Amino acid sequence: MKKLNIRNISMMGVLIALDIVATRFLGFSALTIRISFGSVFIILAGLWFGPVEGALVGGIADTLGCLIAGTGFYPPLMISPIVLGILIGLGRPWFLKKPGIARLGILIGGSYMITTLFIASWALSMLYGSPYLALVASRIPQYLVNATVCTVLSYGIYKSAVTRVATGSFQAS
């Protein structure tokens with residue numbers, strides 16, 4: 001966990017807000033399927049700050065997003081974005097050894113498989129009473145689309161000047 005200072009807390013707040021907008025208002029959702037790029041901001045929180053901060057951004061964004069969008073709050077579904085932030089944060093040292101889109105794709109793909117396919121499908125099967133394995137199978141296209149889109153967007157943002165500003169690693173003139 002990086003030191004929590006005003007800049008990091010502020011950046012986490014910005015990431016939470018961006019996640020809510022991208023997930024709740026710019027994505028597509030139909031019962032058990034959601035296509036969005038809101039997870040990009042949970043991924044960036046994990047990459048920039050670590051697993052604890054990634055988990056906080058994921059959990060807070062999901063909770064506030066449900067309340068703001070009026071979709072209702074189902075706590076087991078909140079496990080998925082929290083675990084996503086943790087997994088990305090834990091994979092951060094491996095990614096930083098040789099940052100590249102392939103490594104980030106492996107990190108996001110593996111994390112998404114655990115969170116989107118397994119954890120979220122489990123929570124949805126409890127919520128709707130649907131068979132778990134059928135739900136996992138029906139969510140594979142969502143997993144592939146979201147993992148690919150989030151990898152490309154996350155890598156693009158990570159390699160931009162935004163990372164230097166967010167993490168405070170820029171040189172002031």
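Colleague: What share of the contacts in the protein chain between residues at least 6 apart in sequence joins residues at least 24 apart?

Modeller: The share is 69%. This value, like every other one discussed here, is computed from a predicted model.

Colleague: How much of the protein chain counts as buried, and how much area is exposed?

Modeller: Of the 173 residues, 44% count as buried.

Colleague: What makes up the largest nonpolar core, and which residues touch the most other members?

Modeller: The core has 32 residues, and those touching the most other members are L15, I43, L47, W48 and Y112. Two or more residues each are given by helix 1 (6-25), helix 2 (39-49), helix 3 (51-69), helix 4 (75-97), helix 5 (101-128) and helix 7 (140-158). Helix 2 supplies the largest share, with nine residues.

Colleague: Which residues does Y112 touch, not counting residues up to four places away in sequence?

Modeller: Y112 touches S39, I43, L84, L117, Y143, N146, A147 and C150. One of these, I43, is itself among the core residues that touch the most other members.

Colleague: How do you know that the span of helix 1 agrees with its number of residues?

Modeller: At 1.5 Å a residue, the 20 residues of helix 1 should span 28 Å, and the end C-alpha atoms lie 28 Å apart; therefore the two values agree. N5 caps the N-terminal end of helix 1, with a side-chain oxygen 3.1 Å from the backbone nitrogen of R7. The buried residues of helix 1 include N8, L15, D19 and R24.

Colleague: Why is S80 called buried?

Modeller: Buried means under 20% relative accessible area. S80 has 9%, so S80 is buried. S80 lies in helix 4. Leaving aside neighbours within four places in sequence, S80 is in contact with T115, T116, I119 and A120.

Colleague: What makes the pair of S80 and T115 a polar contact?

Modeller: The backbone oxygen of T115 lies 3.1 Å from a polar atom of the S80 side chain. The cut-off for a polar contact is 3.5 Å, and the pair therefore falls within the limit. In another direction, S80 and G54 are 12 Å apart, C-alpha to C-alpha, and 26 residues apart in sequence.

Colleague: Why is I114 called partly exposed?

Modeller: Partly exposed covers values between the 20% limit for buried and the 50% limit for exposed. I114 has a relative accessible area of 38%, so I114 is partly exposed. I114 is found in helix 5. Not counting residues up to four places away in sequence, I114 touches L87 and I119. The C-alpha atoms of I114 and G58 are separated by 15 Å, and the two residues are 56 apart along the chain.

Colleague: How do you know that S36 counts as buried, and where is S36 found?

Modeller: The relative accessibility of S36 is 11%, under the 20% limit, so S36 counts as buried. S36 is found in the loop between strand 2 (33-35) and helix 2. With neighbours within four places in sequence left aside, S36 is in contact with A22, T23, G27, N146 and C150. N146 and C150 are also among the residues touched by Y112. S36 and L26, 10 residues apart in sequence, are 6.9 Å apart from C-alpha to C-alpha.

Notes: Residues are numbered from 1 along each chain as its sequence is written. This is a predicted model: local features need pLDDT of at least 70, side-chain atom pairs count only at pLDDT 80 or more; totals for chains, interfaces and linings use all residues. Side-chain values use heavy atoms; hydrogens and water are left out. A nonpolar core is a set of buried Ala, Val, Leu, Ile, Met, Phe, Trp, Tyr and Cys residues joined through side-chain atoms within 4.5 Å. Buried means under 20% relative accessible area, exposed over 50%, partly exposed in between (1.4 Å probe, protein chains only). Helices (H or I, at least four residues) and strands (E, at least two) are DSSP runs, numbered from the N terminus. Contact means heavy atoms within 4.5 Å. The expected span of a helix is 1.5 Å times one less than its number of residues. A polar contact is a pair of N or O atoms within 3.5 Å; within protein, one must be able to donate a hydrogen and the other to accept it, and residues adjacent in sequence count only if both atoms are side-chain atoms.
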